[in-house]
Amino acid sequence: MNRFTPLLLLLAGSVFSQSDSLSVLNKRFQDRKTQTYTIDSETERIYYQPKWHEPITNLWQDFKDTNKDFVADDHAWYLGGALAATAVMIPLDQDIVDESRRFAESIGLSADNKYGTLGPLSNIPQNLGAAFYLTGNGTTVLLLTAGFMTHAVFTNDYRAYATASGMLESMALSGFYIQVLKRTTGRESPFIARENGNPGGDWNPFPSFTAYGENTPTYDAFPSGHLATIMSAFTVITTNYPEVKWLKPVGYSAIGLLSFQMVQSEVHWISDYPLALLIGYFSGKNIARNRFIDRKTGQANLQKKYDIRVTGNYLRDFQTLGLKLTF
């Protein structure tokens, strides 16, 4: 062994690690056509030819990735913050509902969400509050999905198809988390709590399927499904189109109006929101990143959680170097 051994081992480790990385990148996307999109002066995205079944077949991988994100070292404080915010808000819930109702009345905003019909659609807003509330409805997500899908079909745009596919998946994935938590916590909605004389709403954990089905508002306040649904779908859109700068101001404003409307119309407590936002954001982010590769880093966002470290050791009085790849 000579003085060049450390360098040779380092180079060998680099080649081995790069080969492993490329294998990870190409595992799911092999033999598929690609389209490249310029995001900014430093970044290009590679989108792969879509498959119709991905909203179903990607669910398990995205479920695992989202669960990992909740407790990852660099993300765990998000979960802790959401839980802490929930705990702080619960004692204030009733006062916030009451004050939001008074403010809404002062500006002429009704507590009733009134809808009409138009053809097969039965939830056409008849007042401003209903329009705000419809933002988080699954119908809105489906209409946006149809728009992206139509564009994808006529232009053969892989990114638009990935967005439409991801939004469909986002409804299923975020919906799963929300339903598990609703049926676990069993919290009263504000209007039911008012009728029953329970300020802040009662919690009745693990209601039976029959009770939940027959008296849903008695058990389904926490967390907000509307907020998680639109947050997840919107995160899919903004992750796929980061260069469109007006998306976030417009989208987050709409989400803010939805949040206010649900409190002032006594559908949700404000403490129903932190976990819903967290679930929507992490699920949407993982779903979107499952469908492209960032050329700038050469890392597949689907398999982004791996670590490369320089390692050192002594072998017969010679110091050796190498790279360790963990994924």
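1. A residue counts as buried when its relative accessible area is under 20%. The model discussed here is predicted. His75 has a relative accessible area of 18%, and is therefore buried.

2. The position of His75 in the chain deserves a remark. This residue belongs to the loop that lies between helix H3 (59-71) and helix H4 (76-89). Leaving out residues up to four places away in sequence, His75 touches Asp69, Phe70 and Phe282.

3. Next comes the nonpolar interior. In soluble globular proteins, nonpolar side chains tend to be buried together. The largest nonpolar core of this model comprises 41 residues, and Phe148, Met167, Leu227 and Met262 have the most contacts inside it. At least two residues of this core come from each of helix H7 (138-155), helix H8 (158-185), helix H11 (225-240), helix H12 (247-264) and helix H13 (274-289). H11 provides the largest share, 8 residues.

4. Which residues does Met262 contact, leaving aside its neighbours within four places in sequence? They are Tyr133, Ser224, His226, Leu227, Val267, His268 and Tyr273. Among these, Leu227 is itself one of the residues with the most contacts inside the largest core.

5. The packing of H8 against H11 may be taken next. Their axes are 8 Å apart and form an angle of about 150°. H8 is therefore roughly antiparallel to H11, and the crossing of the two helices is right-handed. On the H8 side, the contact involves Arg159, Thr163, Gly166, Met167, Ser170, Ser174, Ile178 and Lys182; on the H11 side, it involves Gly225, Ala228, Thr229, Ser232, Ala233, Val236, Ile237 and Asn240. The residues of this contact comprise 6 nonpolar, 8 polar and 2 charged.

6. H8 also packs against H13. The axes of these helices cross at roughly 145° and come within 9 Å, and the crossing is right-handed. H8 contributes Gly166, Glu169, Ser170, Leu173, Ser174, Tyr177, Ile178 and Leu181 to the contact, while H13 contributes Ile279, Ser283 and Ile287. By class, the residues of this contact divide into 6 nonpolar, 4 polar and 1 charged.

Key: Residues numbered from 1 in each chain as written. Predicted model: local features only at pLDDT ≥ 70, side-chain atom pairs only at ≥ 80, totals over all residues. Heavy atoms only, no water. Core = buried A, V, L, I, M, F, W, Y, C linked by side-chain atoms within 4.5 Å. Buried < 20%, exposed > 50% of the residue type's maximum accessible area, 1.4 Å probe, protein only. Helix = DSSP H or I, 4+ residues; strand = E, 2+ residues; numbered from the N terminus. Contact = heavy atoms within 4.5 Å. Axes fitted to C-alpha atoms, helices over the stretch in contact; angles between N-to-C directions. Parallel < 35°, antiparallel > 145°, perpendicular 65-115°, else oblique. Left-handed = near helix turned anticlockwise from the far one by under 90°. Nonpolar A, V, L, I, M, F, W, Y, C, P; charged D, E, K, R; others polar.
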